[in-house]
Amino acid sequence: MSNLLEIKNIKKVFGEGTVNEKLALNDINLELKGGDFVTVIGNNGAGKSTLLNCIAGVYSVDEGSVILDGKDITKQPEHKRATNIGRVFQDPLKGTAFDMTIEQNLAIAYYKNKPRGLQIGITKKDRDFFRERLQLLEMGLEDKMTQKVKLLSGGQRQALTLFMAVIAEPKLLLLDEHTAALDPAASAKVLELTKKFADHSDMATLMITHNMEDALHYGNRTILMKSGQIAMQLEGEERAHMTVEKLIEKFSITSDRMLL
């Protein structure tokens, strides 16, 4: 199977030429095939979020290239990449229009890369489709589609945001600590939904987490970033036998936000 995402020799410097110059990404190379679910760990400042932002087009890269499904998107603006890339952020407030209803949010997400012609509003066919798909969340949201998103709990909103990110069938899903702001029960639910969507799709998934147990439990590969570089890639038997304790000992992971 050919690579769906190829990161080639990516370099990103912030504040170049100033006293605050920081080499955020230093010659990063990474490949993901369709169906890959890769978890990303590393101390604060390791370059994890910068990597996702360079892939999504939030930041331009100083060197290297980003190739998605065989197409070089290195110079493509963020809004054009968004048709093929789904994103979920740490803040549950960030991924939805809080003063719009659940069905209005879903319609925006679903039609973001589909032509709508002269059609206005949400059709009965749309509603039936949204209701059927929302049942997958097992949160009862299919019965609250006319409710405003701002009335949902953090866990419900993040589950909806995740659902919105995948409903248009993106080629790549980027998750930036998308469970960090949730309580343990909501976090577990959103992670199980993440696994369900990743397992039943050909999209590639890249998930940043500070929870090392989650990093080793979910997906099929784990990478560890240090000082803007990929210091380790784990998969197969090596990953299956890796423990949090071994990771801490081997790579001197010291961030107090790293959860055991």
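Me: Contact means heavy atoms within 4.5 Å of each other, and the model is a predicted one; with that in mind, which residues is Leu 106 in contact with, once its neighbours within four places in sequence are left aside?

Reply: Leu 106 is in contact with Phe 130, Leu 134, Leu 160, Phe 163, Met 164 and Ile 167, so each of these has a heavy atom within 4.5 Å of one in Leu 106.

Me: What makes Leu 106 stand out in the largest nonpolar core?

Reply: This core has 36 residues, and Leu 106, together with Leu 134 and Leu 160, touches the most other members. Helices H3, H4, H5 and H6 and strand S7 each give two or more residues to this core, and the largest share, eight residues, comes from H5. Another core, of 28 residues, lies apart from it and includes Leu 5 and Met 225.

Me: Why are the buried residues of H6 said to line one face of the helix?

Reply: Ala 186, Val 190, Leu 193 and Phe 197 are among the residues of H6 that are buried, which means that each has under 20% relative accessible area. Seen down the axis of H6, the buried residues fall within an arc of 160 degrees, and therefore they line one face. The face turned away from them carries Pro 184 and Ala 185, which are exposed.

How values were computed
Residues numbered from 1 in each chain as written. Predicted model: local features only at pLDDT ≥ 70, side-chain atom pairs only at ≥ 80, totals over all residues. Heavy atoms only, no water. Core = buried A, V, L, I, M, F, W, Y, C linked by side-chain atoms within 4.5 Å. Buried < 20%, exposed > 50% of the residue type's maximum accessible area, 1.4 Å probe, protein only. Helix = DSSP H or I, 4+ residues; strand = E, 2+ residues; numbered from the N terminus. Arc of directions from axis to C-beta.
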